[in-house]
Amino acid sequence: MQDTGDIEQVAAGFFQLGLYLRSKQWRNAEKSGLTSTQISILGFLKRRGPNRVMALAKLVGITEATASRAISTLERKRLVEKGADPDDGRATRISLTATGIRLMSRQSEFPEALMAALAGLDPIESTVLHRVLSKVILNLQETGAIEPQRMCCTCRFFRPYVHSDAVRPHHCEFVDAPFGSVSLRLDCGDHIQADESVRKQRWQRFLAVKPLERGGTHPEEASEN
Ligand code: SF4
């Protein structure tokens with residue numbers, strides 16, 4: 001069990017990063033004459049494509065009423081539009097207009113300073129960071145604190161540690177190719193949620209290998225079917 005003070009220091013680190021990202025987002029939104037909520041909605045529409053109001057509200061972490069107001073403003077600015085949902089004729093989906101797409105193509109998704117700081121990590125640090133972030137996000141997801149994310153570790157196509165190659169031990173069945181822990185995705189457009197029992201089994205398999213202790217070969221070396 002970790003010391004509470006140590007855990008608080010890690011939480012303080014996440015908090016600082018959150019403040020930094022939020023302030024950058026506010027400044028970017030201001031430059032475009034938008035609010036941070038509106039730019040978040042546009043960002044999710046860019047990454048995930050057309051979506052319902054309720055889904056967007058959950059992704060941004062706001063109420064449906066707040067999302068509806070933000071979307072009305074974005075509609076007036078001709079950045080988004082409503083259209084029929086092909087999965088349900090009575091429902092509507094929100095999508096970016098051509099103007100919205102142009103605006104978002106000019107927005108850098110992540111601050112350059114953050115990208116530079118992460119690029120300065122060595123491969124082992126990156127591997128550990130990917131693993132830690134996946135674990136923290138999954139824990140938050142399992143307690144219902146955040147919406148399900150489109151991560152490798154919950155994806156039906158993810159096969160952890162099935163290759164003996166220490167650099168690329170995992171396999172993505174969607175693209176049928178091996179990949180390394182530094183390429184684990186936290187928001188993948190091709191993600192399909194795995195059945196819960198399969199997800200748990202593969203996650204345990206993933207956790208069984210400690211990146212600092214082993215080159216990447218799974219201790220059991222067993223193929224999983
Ligand atoms: S489809 Fe995407 S989320 Fe799924 S295993 Fe492949 S890279 Fe990961």
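Student: How exposed is K82, buried or partly exposed?
Tutor: K82 is partly exposed, with a relative accessible area of 44%. Keep in mind that this is a predicted model.

Student: What does K82 form a salt bridge with?
Tutor: With E75; the closest N and O atoms are 3.4 Å apart.

Student: And E75, buried or partly exposed?
Tutor: E75 counts as partly exposed, at 29% relative accessibility.

Student: Where do R52 and D85 sit in the chain?
Tutor: R52 is in the loop between α2 and α3, and D85 is in strand β1 (residues 80-85). They are 33 residues apart, and the pair links distant parts of the chain.

Student: Which is buried and which is partly exposed?
Tutor: D85 is buried, at 4% relative accessibility. R52 is partly exposed, with a relative accessible area of 35%.

Student: What about R199, which residue does it form a salt bridge with?
Tutor: R199 pairs with E142, and the closest N and O atoms are 2.6 Å apart. This pair also links distant parts of the chain: R199 lies in helix α8 (residues 196-207) and E142 in helix α7, 57 residues apart. R199 counts as buried at 3% relative accessibility, while E142 is partly exposed at 47%.

Student: Which residues are linked in a network of salt bridges?
Tutor: R47, R48, R150 and D187.

Student: New topic. Which residues are around the ligand?
Tutor: C152, C155, F157, F158, C172, F174, R185, C188 and D190. That shell divides into seven nonpolar, no polar and two charged residues.

Student: What makes the nonpolar surface patch?
Tutor: V10, F14, V132, V136 and L140 make it, and the patch is about 360 Å². Helices α1 (4-31) and α7 (123-142) each supply at least two of its residues, and α7 gives the most, with three.

Student: Take V132. Where is it, and how exposed?
Tutor: V132 is in helix α7. V132 counts as partly exposed, at 37% relative accessibility.

Student: And in the largest nonpolar core, which residues touch the most other members?
Tutor: L42 and V80, out of 21 residues in that core. The elements that give two or more residues to this core are α2 (36-48), α3 (53-60), α4 (64-76), β2 (88-96) and α5 (98-106).

Student: Which element gives the most to this core?
Tutor: α2, with five residues.

Technical notes: Residues numbered from 1 in each chain as written. Predicted model: local features only at pLDDT ≥ 70, side-chain atom pairs only at ≥ 80, totals over all residues. Heavy atoms only, no water. Near = heavy atom within 4 Å. Nonpolar A, V, L, I, M, F, W, Y, C, P; charged D, E, K, R; others polar. Patch = residues over 30% accessible without salt bridge, like charges linked within 9 Å, V, L, I, M, F, W, Y side chains within 5 Å. Areas by Shrake-Rupley, 256 points an atom, 1.4 Å probe, with all protein chains shown as cover. Salt bridge = Lys/Arg side-chain N within 4 Å of Asp/Glu carboxyl O. Helix = DSSP H or I, 4+ residues; strand = E, 2+ residues; numbered from the N terminus. Buried < 20%, exposed > 50% of the residue type's maximum accessible area, 1.4 Å probe, protein only. Core = buried A, V, L, I, M, F, W, Y, C linked by side-chain atoms within 4.5 Å.
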